[in-house]
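Please look over the sequence and the model first.

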Amino acid sequence: NYFVDFTINVNADCVPCSINEIEVSKTITANGDGINDLFAITGAEFCDFTFNVMIFNRWGNKVYEGTDYQNNWGGESPDNKLGTSGMLPTGTYYYIIDVISEENPTEKVNGYIYLGGN
């Protein structure tokens, strides 16, 4: 039996870094099962992007805002003022993501996300 140790180096310059590579959650079901529990921005893990996120309800009220977003919002209402148990009501919400990088001016990604109840 022979064991060989080796190292793989990934050159970040070879990874495509454009907003076209970004994938955004379509659904949040914050029920603690580990599936779709958080609003997640993926596909740009090796890129030098910072994400500023705003989420709005159907009446245009901002229900979440986060700078340097770290995939950590699970549908909680602001200051626990809306919804029950600190969660926003089930429904469709609108997001705007400012994608910030040193190489490009701020670009925006927007769309809808469905928030399912507990």
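How many residues lie between S6 and S7 in the hairpin that they form? The two strands are separated by 6 residues. The model is predicted, and local features need pLDDT of at least 70, side-chain atom pairs count only at pLDDT 80 or more, and totals for chains, interfaces and linings use all residues. Residues are numbered from 1 along each chain as its sequence is written, and side-chain values use heavy atoms, with hydrogens and water left out.

**Overall make-up**

- The chain has 7 strands and 0 helices; strands (E, at least two residues) and helices (H or I, at least four) are DSSP runs, numbered from the N terminus.
- Along the sequence, the pattern reads β-β-β-β-β-β-β.
- The chain has 118 residues, of which 35% count as buried, meaning under 20% relative accessible area with a 1.4 Å probe, protein chains only.
- Of the contacts (heavy atoms within 4.5 Å) between residues at least 6 apart in sequence, 48% join residues at least 24 apart.

**The sheet**

- Five strands make an open sheet in the order S2-S7-S6-S4-S5, with mixed pairing; two strands pair if DSSP finds at least two bridges between them.
- S2 and S5 (62–66) are the edge strands, each pairing on one side only.
- On average, neighbouring strands of this sheet are turned by 25° against each other, direction ignored; the axes behind such angles are lines fitted to C-alpha atoms.
- Strands of a sheet pair through backbone hydrogen bonds, either parallel or antiparallel.

**Strand S7 and its partners**

- S7 covers residues 107–116 and runs parallel to S2 (residues 27–29), with 3 bridges joining them.
- Within that pairing, Ile28 has Leu115 of S7 as its bridge partner.
- S6 (residues 91–100) and S7 run antiparallel and are joined by 9 bridges.
- Tyr95 has Gly111 of S7 as its bridge partner, and Asp98 stands opposite Lys108 in S7.

**Strand S4 against S6**

- S4 (residues 50–56) pairs with S6 in the antiparallel sense over 7 bridges.
- Asn52 stands opposite Asp98 in S6, and Met54 stands opposite Ile96 in S6.

Methods: Buried means under 20% relative accessible area, exposed over 50%, partly exposed in between (1.4 Å probe, protein chains only). Axes are lines fitted to C-alpha atoms, for helices over the stretch in contact, and angles run from 0 to 180 degrees between N-to-C directions.
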